[in-house]
Amino acid sequence: MSQEILDRLQRVDRILDGEPLVPKDAATLLILERKADGDPHVLMGRRHMRHKFMPGMFVFPGGRVDPEDVGVRFAADYDPTVQSKLTRDLKGEEEEDYTRAFAIAAVRETYEEAGLFIGRLDHNDTEPCGHGFEAFDSRFVMPDLSPMRFIARAITPPGRPRRYDTRFLAVWADQIADRLPEGTGPSGELEELQWLSLEESKQLELPPITLAVIEELQNRLAEDPKLEPDYPVPYYYWTPEGFVREEL
């Protein structure tokens, strides 16, 4: 099945005619919820048509890692195995701090785009979390990295108008500590937010890599329904011969 996913990516990503760009680090959050029938559902939204990058496409909440994400306070750290997989290709003494920024960015973007506060509620902790988390502070919610699971990593091929090195993380919906009553986020970047089964989500207008991640997640859940930290993580990137799929 993984080879079929790879073959499809090869077919759709052969047009490479833009300026060469260095990929920017990004993080995406798959929020999963098991319905009464046990079928996992995931939260997705449609990117606003004003976006220059993937307008109208359905995606998971997420976005670019900001420098300020590195210093944000959190309630608990990653599982050590998740941490180890996220440090792949990172260099320097601060690599562990930087890997934490992936989860922080994903949580921040999920609030901005979907109005959800992912983390741990603690009314006794009044110390600010950091830049970009003022709304979390007002609701006594702190990001929690411990339930985060690493689902996939993918680098946009060269020649695209924008390139990202994206880490796809996942949490279960019981990690939603609070939510905005409007049912959407303050940025307005995502519309038509909805919970969909993985099969339903595959019928939407999706970026090719998003479809690949959904199928990878389906395969994983069939073998690893609890999303254990040590499960192999697919890593997609481009070479002169085409896409490569490794496992972390």
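Reader: How many of the 248 residues of the chain, as a percentage, count as buried?

Author: Buried means under 20% relative accessible area, exposed over 50%, and partly exposed in between, with a 1.4 Å probe and protein chains only. Here 51% of the 248 residues are buried. Please keep in mind that this is a predicted model, where local features need pLDDT of at least 70, side-chain atom pairs count only at pLDDT 80 or more, and totals for chains, interfaces and linings use all residues. Residues are numbered from 1 along each chain as its sequence is written, and side-chain values use heavy atoms, leaving out hydrogens and water.

Reader: Which helices and strands does the chain have, by number?

Author: Helices (H or I, at least four residues) and strands (E, at least two) are DSSP runs, numbered from the N terminus. This chain has six helices and 13 strands.

Reader: How many salt bridges are there?

Author: A salt bridge is a side-chain nitrogen of Lys or Arg within 4 Å of a carboxyl oxygen of Asp or Glu. By that rule the count is 25.

Reader: What does Asp66 form a salt bridge with?

Author: Its partner is Arg108, with the closest N and O atoms 3.3 Å apart. Asp66 sits in the loop between strand E4 (62-64) and helix H2 (80-86), while Arg108 belongs to helix H3 (residues 95-114), 42 residues apart.

Reader: Is Arg108 buried or exposed?

Author: Arg108 is buried, at 5% relative accessible area, whereas Asp66 is partly exposed at 25%. Arg108 also forms salt bridges with Asp69, at 2.9 Å, and with Glu109, at 3.2 Å between the closest N and O atoms. Asp69 is buried at 2% relative accessibility, and Glu109 is buried at 9%.
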